[in-house]
Amino acid sequence: MNEMYSIGLSLHSIGGVAVLAVIFFNLYFLISMNDLKKYKRLNSVVLWPLTFTTLGLVLFTGVIMMAAKHLDFSFANIIMIIISVVYIALEAKRIKALKYLSETKDHAFNAYKPIARTLLQVEFILVLLLSLGMWYL
């Protein structure tokens with residue numbers, strides 16, 4: 001049982017690093033791209049599936065580890081659940097804002113970038129603090 005829990009913890013840690021990397025890639029492509037149509041295409045084909053796959057990895061390993069601990073909720077587990085829900089809500093808000101951007105208006109992408117950059121930075125800081133807390137506490 002201890003081996004399963006330690007492997008789950010390792011996978012959970014790797015998933016946390018993967019989520020951080022995906023948020024960083026999202027931020028990098030947001031800053032570097034200037035064409036809204038290409039950015040929307042990249043997001044729908046690559047970044048959104050990658051984002052939610054890595055998030056699914058973290059949530060799935062977290063659920064498995066909670067089951068291994070017989071659903072023993074600690075303060076750290078509750079904080080992880082809350083931050084996961086906040087992360088999903090921020091991603092949904094960012095995706096919804098991008099979905100309804102008009103591709104015919106030139107300034108629409110420039111108006112979207114600061115909002116999306118702020119949301120991605122908040123997500124990155126939340127996940128980084130959560131990961132640091134998981135590794136060092």
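Student: Which helix is Leu 42 found in?
Tutor: Leu 42 is in helix H2, with helices taken as DSSP runs of H or I, at least four residues, strands as E runs of at least two, and both numbered from the N terminus. Keep in mind that this is a predicted model, where local features need pLDDT of at least 70, side-chain atom pairs count only at pLDDT 80 or more, and totals for chains, interfaces and linings use all residues. Residues are numbered from 1 along each chain as its sequence is written, and side-chain values use heavy atoms, with hydrogens and water left out.

Student: What is Leu 42 in contact with, leaving aside neighbours within four places in sequence?
Tutor: Phe 29, Met 33 and Leu 47. Contact here is heavy atoms within 4.5 Å.

Student: New topic. Which residues have the most contacts inside the largest nonpolar core?
Tutor: Leu 30, Tyr 39, Leu 101, Phe 109 and Tyr 112, in a core of 19 residues. Such a core is a set of buried Ala, Val, Leu, Ile, Met, Phe, Trp, Tyr and Cys residues joined through side-chain atoms within 4.5 Å, and buried means under 20% relative accessible area with a 1.4 Å probe, protein chains only.

Student: Which element gives the largest share of this core?
Tutor: H4, with six residues. H1, H2 and H3 also give two or more each.

Student: What does Leu 101 touch?
Tutor: Beyond residues up to four places away in sequence, Leu 101 touches Leu 36, Lys 40, Ala 108, Phe 109 and Tyr 112.

Student: Pockets next. What volume does the largest pocket have?
Tutor: About 790 Å³. On a 1 Å grid over the protein atoms alone, a pocket is an open set of points where a 1.4 Å probe fits, with protein on both sides within 12 Å along at least five of seven lines; lining residues have an atom within 4 Å of a point.

Student: Which lining residues lie nearest its centre?
Tutor: His 12, Ala 76, Asn 77, Met 80 and Met 134, out of 32 lining residues. H3 supplies the largest share, eight residues.

Student: And which residues line the second largest pocket?
Tutor: Asn 34, Asp 35, Leu 36, Lys 37, Glu 103, Lys 105, Asp 106, Phe 109 and Asn 110. That pocket holds about 150 Å³ of space.

Note on methods:
Points joined across faces, edges and corners; volume = space filled by probe spheres on them. Buried < 20%, exposed > 50% of the residue type's maximum accessible area, 1.4 Å probe, protein only.
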